[in-house]
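Visitor: I would like to go through this model with some questions about its rings and its interface. Please show it before we start.

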Amino acid sequence: GIQVEQSPPDLILQEGANSTLRCNFSDSVNNLQWFHQNPWGQLINLFYIPSGTKQNGRLSATTVATERYSLLYISSSQTTDSGVYFCAVPPPETSGSRLTFGEGTQLTVNP
Amino acid sequence: ETGVTQTPRHLVMGMTNKKSLKCEQHLGHNAMYWYKQSAKKPLELMFVYNFKEQTENNSVPSRFSPECPNSSHLFLHLHTLQPEDSALYLCASSQGTGGRETQYFGPGTRLLVL
């Protein structure tokens, strides 16, 4: 099956700092999603981004499908950004419902 | 608030108990999912339902029994579980199961099996 690798596994920032999270995947995809899981377990979809760049407030994401990676940028980080960030992709041979998740990046933003 | 609710939020059960997890989505979606998230592991897809029909079973042991009576409700019936089944169980929904579907997650049920 498709492999999804995220880096770094852990990241500690001071409030106000910027960061870049990376997601590499092993095969071509038609769907890539970024999620944030807060410390209480709630997963929120951040971006659906199979290719190109999208921005939503302080967050933006870029996927370069031909090179099989995606980046999530967090600018001016806040303590509420803490949690785990996952990227998820479907295997290329299916319709896309069967998402494979990476192991996540654990982000801690200190005040 | 994602439009997907799960009950209970926490559950402690013995290995001989029978319990059920409930998920409800208020988004008008047609597809629903069960995921398992164990400590220090990525999310694992368990089951997929589309228009009330099961379309995926990811080799889940029979002690987990899903039920989807309609497109808005999804249950996970649990019986004779093992301690290693302790995990966060997440429900999700999406409009369909095509290639461009965003999935919306519930808050999860934290299950502890003693």
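Visitor: How many aromatic pairs does the structure hold over all chains?
Guide: The model is predicted. A pair of aromatic rings is described by the distance of the centres and the angle of the planes. Over all chains, the number of aromatic pairs is 8.

Visitor: Is the pair of A:Phe101 and B:Tyr35 stacked, tilted or edge-to-face?
Guide: The ring centres of A:Phe101 and B:Tyr35 are 5.6 Å apart, and their planes meet at 85°. Planes over 60 degrees apart count as edge-to-face. The pair of A:Phe101 and B:Tyr35 is therefore edge-to-face.

Visitor: What does the pair of A:Phe101 and B:Tyr35 join?
Guide: A:Phe101 lies in strand β10 (residues 100–101) of chain A. B:Tyr35 lies in strand β4 of chain B, so the pair joins two chains.

Visitor: Which residues do ring pairs link into a cluster?
Guide: A:Phe101 and B:Tyr35, both buried, belong to this cluster.

Visitor: Is B:Tyr89 buried or exposed?
Guide: Buried means under 20% relative accessible area. B:Phe64, its ring partner, has 6% and counts as buried. B:Tyr89 has a relative accessible area of 0%, so B:Tyr89 is buried.

Visitor: About how much area do chain B and chain A bury between them?
Guide: The contact involves 24 residues of chain B and 23 residues of chain A. Of the area buried between the two chains, 48% is on carbon and sulfur atoms. The total is about 1,900 Å².

Visitor: Which strand gives the most to the side of chain B that touches chain A?
Guide: Between chain B and chain A there are 0 salt bridges, and 4 residue pairs are in polar contact. On chain B, β4 (31–37), β5 (44–50) and β9 (87–94) each supply at least two residues of the side that touches chain A. With 3 residues, the strand that gives the most is β4(B).

Technical notes: Residues numbered from 1 in each chain as written. Chains lettered and ligands numbered in written order. Predicted model: local features only at pLDDT ≥ 70, side-chain atom pairs only at ≥ 80, totals over all residues. Heavy atoms only, no water. Contact = heavy atoms within 4.5 Å. Buried area = accessible area lost by both parts, 1.4 Å probe. Salt bridge = Lys/Arg side-chain N within 4 Å of Asp/Glu carboxyl O. Polar contact = N/O pair within 3.5 Å; in protein donor to acceptor, adjacent residues only side chain to side chain. Helix = DSSP H or I, 4+ residues; strand = E, 2+ residues; numbered from the N terminus. Phe/Tyr/Trp six-rings, centres within 6.5 Å; stacked < 30°, edge-to-face > 60°. Buried < 20%, exposed > 50% of the residue type's maximum accessible area, 1.4 Å probe, protein only.
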